[in-house]
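Let's take a walk through a protein model together.

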Amino acid sequence: MTSAERAAILAALNGPHVSAPTREALLARLDARYERRYFTEADFRVLRAAAVRLVPHDPDELDLTGLVDDRLHAGRTDGWRYAAAPPDGEAYRALLASLPADFAALDDCAQDDALRAAQGAHPHAFEDLLAELTEGFMAHPLTAYRFGYAGFMDVPGWQVAPDAFEEREVTYGP
């Protein structure tokens with residue numbers, strides 16, 4: 001994240017169009033970094049490489065792997081899972097175990113092949129992991145900024161015609 005991106009994000013979050021609870025949540029996400037606590041170091045390394053391949057991002061900017069690890073360590077869930085599936089942590093460990101130990105060192109094509117095989121062997125875990133990574137990516141203020149998405153500006157005031165932009169939508173984003 002460049003200093004200009006950070007400044008624009010902070011200006012938007014601290015502006016009059018963002019409610020206090022939304023501001024608090026998004027500011028927390030902006031710089032969130034997590035210590036590895038749930039997965040082994042080897043599993044964490046494979047998960048990070050898989051996460052980057054599945055949802056292309058810079059892990060130094062968005063700690064999606066840490067987000068997953070932190071959630072599992074804390075025992076937080078989204079409240080559901082397939083009836084035949086084990087709990088998320090067990091399912092993710094089995095998914096990661098089905099990937100080559102040197103997954104991070106493989107070229108893109110070999111990583112894609114390995115991911116397809118893992119998806120076939122553990123479809124529910126793969127689906128859940130992909131959804132969780134995508135949610136973390138899309139919920140991050142940097143992603144919203146880079147997409148020019150101002151939907152988090154949740155203070156009432158929408159008064160535009162269909163297919164028109166509010167001023168805040170026009171001014172926000174790269």
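**Starting at a loop**

Threonine 40 counts as partly exposed because its relative accessibility is 43%, and partly exposed covers the range between under 20% (buried) and over 50% (exposed). Please keep in mind that this is a predicted model. You can find threonine 40 in the loop between α2 (20-30) and α3. Now look for leucine 13: its C-alpha atom is separated from that of threonine 40 by 36 Å, and the two residues are 27 residues apart along the chain.

Next, let's look at how two helices meet. Two packed helices are described by the angle between their axes and the distance between the axes. Helix α3 covers residues 41-54 and helix α4 covers residues 64-74; they pack with their axes 9 Å apart, at an angle of about 130 degrees. That angle makes α3 oblique to α4. The crossing of α3 past α4 is right-handed.

Stay with helix α4 for a moment, for aspartate 70 has its place there. Is aspartate 70 buried or exposed? Its relative accessibility is 12%, so aspartate 70 counts as buried. The side chain of aspartate 70 meets that of arginine 37 in a salt bridge, with 2.5 Å from N to O. This pair links distant parts of the chain, since arginine 37 sits in the loop between α2 and α3, 33 residues apart from aspartate 70 in helix α4. Arginine 37 is partly exposed, with a relative accessible area of 43%.

Aspartate 88 counts as buried at 13% relative accessibility, and arginine 71 counts as buried at 11%.

How many salt bridges does the count come to? The count is 13 salt bridges. Among them is the one between aspartate 31 and arginine 6, at 2.8 Å from N to O. Aspartate 31 lies in the loop between α2 and α3 and arginine 6 in helix α1 (residues 3-13), so the pair ties together parts that are 25 residues apart in sequence. Elsewhere, salt bridges link Glu5, Glu61 and Arg146 in a network.

Met138, Phe147 and Tyr149 make a nonpolar patch of about 360 Å². Methionine 138 lies in helix α7 (residues 123-138), and it counts as partly exposed because its relative accessibility is 43%.

Terms used: Residues are numbered from 1 along each chain as its sequence is written. This is a predicted model: local features need pLDDT of at least 70, side-chain atom pairs count only at pLDDT 80 or more; totals for chains, interfaces and linings use all residues. Side-chain values use heavy atoms; hydrogens and water are left out. Patches are made of residues with over 30% relative accessible area and no salt bridge: like charges are joined within 9 Å, nonpolar side chains (Val, Leu, Ile, Met, Phe, Trp, Tyr) within 5 Å. Accessible areas come from the Shrake-Rupley method with a 1.4 Å probe; for residues, only the protein chains shown count as cover. A salt bridge is a side-chain nitrogen of Lys or Arg within 4 Å of a carboxyl oxygen of Asp or Glu. Helices (H or I, at least four residues) and strands (E, at least two) are DSSP runs, numbered from the N terminus. Buried means under 20% relative accessible area, exposed over 50%, partly exposed in between (1.4 Å probe, protein chains only). Axes are lines fitted to C-alpha atoms, for helices over the stretch in contact, and angles run from 0 to 180 degrees between N-to-C directions. Angles under 35 degrees count as roughly parallel, over 145 as roughly antiparallel, 65 to 115 as roughly perpendicular and the rest as oblique. A crossing is left-handed if the near helix is turned anticlockwise from the far one by less than a right angle, and right-handed if clockwise.
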